[in-house]
Amino acid sequence: MKNVIESNHPLIEHKLSILRDKNTSTKEFRELVKEISMILCYEAMRDAKLDEIQIETPIKKMKTHRLNEDHYAFIPILRAGLGMLDGVISVLPTAKVGHIGMYRDETTYEPINYFFKVPDGIENREVFLLDPMLATGGSAIDAIDLLKKKGVEKIKFLCIISAPEGLKQVNKAYPDVPIYTACIDEKLNENKYIVPGLGDAGDRIFGTK
Ligand code: PRP
Ligand code: URA
């Protein structure tokens, strides 16, 4: 699929195998979501632009390169996306953070938006949208819609597990938004859960069930 980047790193595969296991504790689940998100963030920043600067090492002056850290914003989709925030913030600690609140209606599977708060000047930043699960793609499409309406031009979507059905939908609606995913799973089941997936990411991160 165009503009879908699946990580095939052995470290990710190892961590995913523990994350998916139904016997993994809430504590370990959270730690793994954080670690996998850090690796996804590295992947998503592979094309980051650097500014040339001059510094002085204890030995001599040199030209080197730095990121413009004011260029970025992270936006987790509540609730489960919050679990990824710690990981990406540890990679880019000065990024601004917004929040989009969404849940899937249990019968229609349509996303319901209940919260939207983003940093001032968001239209001038590159936004990394965070959600561990991309199932039907409805939540991702609505979140991207909201950001585009705010004038955001550069968006990347970071998710841990995705379904081919949802990836196709997001790709069709927004071919310009790259999707970085740790793994593309087999399919959705009749309840629109990802198979084999990991169950309900929000419940497993927050221990609600
Ligand atoms: C989950 C997940 C995504 C959405 C994915 O959230 O974190 O936001 O479902 O499904 P979709 O691709 O079919 O839209 P959920 O509705 O369970 O809310 P939660 O994060 O509050 O648990
Ligand atoms: N949301 C989840 O948390 N898990 C799925 O498999 C699908 C949507």
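Me: How does the shell around ligand 1 divide by class?

Reply: The shell around ligand 1 holds seven nonpolar, five polar and four charged residues. The classes are set by residue type: Ala, Val, Leu, Ile, Met, Phe, Trp, Tyr, Cys and Pro are nonpolar, Asp, Glu, Lys and Arg are charged, and the others, Gly among them, are polar. The model is predicted, with local features requiring pLDDT of at least 70 and side-chain atom pairs pLDDT 80 or more, while totals for chains, interfaces and linings use all residues. Residues are numbered from 1 along each chain as written, chains are lettered from A and ligands numbered from 1 in written order, and side-chain values use heavy atoms, without hydrogens or water.

Me: Which of the residues around ligand 1 come nearest?

Reply: Arg104, Asp131, Ala135, Thr136 and Ser139 come nearest, out of 16 residues around ligand 1. A residue counts as near if one of its heavy atoms lies within 4 Å of the molecule.

Me: What makes the site of ligand 1 a pocket, and which elements contribute to its shell?

Reply: Ligand 1 sits in the largest pocket. A pocket is an open set of points on a 1 Å grid over the protein atoms alone, with protein on both sides within 12 Å along at least five of seven lines; a molecule sits in it if more than half of its atoms lie within 2 Å of its grid points. Strand S6 (99-104), strand S9 (133-134) and helix H4 (138-149) each give two or more residues to the shell, and S6 gives the most, with three. Helices (H or I, at least four residues) and strands (E, at least two) are DSSP runs numbered from the N terminus.

Me: Which backbone atoms make polar contacts with ligand 2?

Reply: Polar backbone atoms of Ile194 and Ala201 each lie 2.8 Å from an oxygen atom of ligand 2, and a backbone N or O atom of Gly199 lies 2.8 Å from a nitrogen atom of this ligand. The protein buries 89% of the 230 Å² that ligand 2 exposes when taken alone. Its shell includes Arg104, Met133, Ala135 and Lys192, and divides into five nonpolar, one polar and three charged residues.

Me: Why is the meeting of Arg20 and Asp185 called a salt bridge?

Reply: Their side chains are 2.7 Å apart, N to O. The pair therefore meets the definition, a side-chain nitrogen of Lys or Arg within 4 Å of a carboxyl oxygen of Asp or Glu. Arg20 is in helix H1 (residues 10-20) and Asp185 in the loop between strand S11 (179-184) and strand S12 (187-188), 165 residues apart. The structure holds ten salt bridges.

Me: Which peptide bonds are cis, and where do they lie?

Reply: The bond from Leu78 to Arg79 is cis, with omega near -5 degrees, and Arg79 is in the loop between strand S4 (72-78) and helix H3 (82-91). The bond from Val195 to Pro196 is also cis, with omega near 0 degrees; Pro196 is in the loop between strand S13 (194-195) and helix H6 (201-206).

Methods
On a 1 Å grid over the protein atoms alone, a cavity is a set of points where a 1.4 Å probe fits but cannot get out, and a pocket is an open set with protein on both sides within 12 Å along at least five of seven lines; lining residues have an atom within 4 Å of a point. A polar contact is a pair of N or O atoms within 3.5 Å; within protein, one must be able to donate a hydrogen and the other to accept it, and residues adjacent in sequence count only if both atoms are side-chain atoms. Accessible areas come from the Shrake-Rupley method with a 1.4 Å probe; for residues, only the protein chains shown count as cover.
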